[in-house]
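I opened my notebook today to look up a few things in one structure. Here is what I wrote down, entry by entry.

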Amino acid sequence: MRRVTGRLLITGGSGSLGRRVFARAAAAGWEPIGTYLHAPAATAHVCLDIRDPADIRRVLDEVRPDAIVHTAAGRDRNDWPSTADGAAHLAVAARGIRLVHVSSDAIFSGREVHYDEAALPDPIYRYGAAKAAAETAVRAVDATAAVVRTSLILGDGTGAHEILTRDLIAGRATGALFTDEVRTPVHVDDLADALLELAAGGYAGVLNVAGADPVSRYDLGVLVARREGLDAGAIPAGSLAALGLHRPTDVRLVIGRAAQVLQTRLRGAHEFLAV
C-alpha cells in the first residue's frame, strides 16, 4: 500500500470496519480521524450523529478532511435514518471533499446471482432498501464519489460471522447458519486497503470490492471453526427455503473491475481463512 498524506475522516470509526480503516490509514501515512455516536474509542474521538445535517456540517468544519470514508450505519439493520438518510446528509454536506461510501450486496435480491457494477438494486428487505437508497443518494449528489459494494466482512476474528460461529458452537446463541445463503466474503484488511486506495484516487462510481470465493454462510462458519480449532460439527445448519425466510439467497459480486482498478489483491475466504 503506497504512502499518502492528508486528513481522513472515518465515519463509524468505532465499528469493526472503521477500526481497521483507521489502523491501516495511520500505517499508510494518513492522519485518520474517526467518529462515534454512543461512546468514544481509540479509533474514534469525534462525536457525530450522522442523522443530523447540522452535526455533520459542524464536524466537517472542525476536522476539514481531505477525504471521507463513510462506514457508519445504524446499529439496528432497520435504522433507515442512520443508514439511508445519513448517507444523503453526508453527501450533501461533503460536496467538494473526496468521498468513499461503503454500500452492500444486500441491495440485491439474488435473482440474477452474479452482479457487476452495472447491476441495478432490487432489494427485497428493509436493510437492503436502506442501503440502496443510501448509494442512490450519494451517486445523485456527488458523481465523483466512489461507491463500494461489498459483502460479508471478516478475517481478523472480530467479524459478526466469526463471533456468531463461535457463539453457536459454544451454545451462547441459538439459530443456524444457512447452507443456501451464498455470498462473496472479504477480508476486512483487504476491504480497508481498497477503501484507502479509493480515498487517495479519483475513481468515480460503483466498484465491487469483495472476496474471490462464493461461499455459503454455513461453509464460511466451517472455515472459521477450522481456523480456530473449534468443532465444526457443532455448527447447526439450516436453510432459508426450509424456514420460509424472504431474504436474498445467492448473491455474488463480480470483482473483475476491482482487479483492474486496485493494487490491493482481494483474497477469497478459502485463502484468508486457511488453517
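Is R58 buried, partly exposed or exposed? I looked up its relative accessibility, found 33%, and so noted R58 as partly exposed. A reminder to myself before going on: this model is predicted.

**Entry 1: the partner of R58**

I found that R58 forms a salt bridge with D55, and the closest N and O atoms are 2.8 Å apart. Where do D55 and R58 sit relative to each other? Both are in helix α2, which covers residues 53-63, and they are 3 residues apart, so about one helical turn separates them. D55 has a relative accessible area of 15%. Buried means under 20%, so D55 falls in that class.

How many salt bridges does a search of the whole structure find? I wrote down 20. I then picked out the one between the side chains of D105 and R183, with an N to O distance of 4.0 Å. This pair links distant parts of the chain, its two residues being 78 residues apart. D105 lies in the loop between β5 (98-104) and β6 (114-115), while R183 belongs to strand β10, residues 182-183.

Which residues are linked with D105 and R183 in a network of salt bridges? I listed E181, R217 and R247 beside them.

Next I looked up E271, which forms a salt bridge with R265. Their closest N and O atoms are 2.6 Å apart. E271 has a relative accessible area of 41%, so I put it down as partly exposed. For R265 I noted 52%. Exposed means over 50%, so R265 is exposed.

**Entry 2: around H70**

I found H70 in strand β4, which covers residues 67-70. Is H70 buried or exposed? Its relative accessible area is 3%, so H70 is buried.

I turned to helix α1 (residues 16-28) and helix α6 (residues 188-200). Their axes come within 9 Å and cross at roughly 60 degrees. That angle makes α1 oblique to α6. The crossing of these helices, α1 and α6, is right-handed.

Which residues of α1 and α6 meet? From α1 I noted S16, L17, R20, V21, R24 and A25. From α6 I noted V188, D189, L191, A192, D193, L195 and L196.

**Entry 3: positive phi values**

Phi of R64 is near 50 degrees, a positive value in a residue other than glycine. R64 is in the loop between α2 and β4. With 62% relative accessibility, R64 counts as exposed.

What is phi of V113 near? I wrote 70 degrees, which is again a positive value in a residue other than glycine. V113 sits in the loop between β5 and β6. At 21% relative accessibility, V113 counts as partly exposed.

How values were computed: Residues numbered from 1 in each chain as written. Predicted model: local features only at pLDDT ≥ 70, side-chain atom pairs only at ≥ 80, totals over all residues. Heavy atoms only, no water. Helix = DSSP H or I, 4+ residues; strand = E, 2+ residues; numbered from the N terminus. Buried < 20%, exposed > 50% of the residue type's maximum accessible area, 1.4 Å probe, protein only. Axes fitted to C-alpha atoms, helices over the stretch in contact; angles between N-to-C directions. Parallel < 35°, antiparallel > 145°, perpendicular 65-115°, else oblique. Left-handed = near helix turned anticlockwise from the far one by under 90°. Contact = heavy atoms within 4.5 Å.
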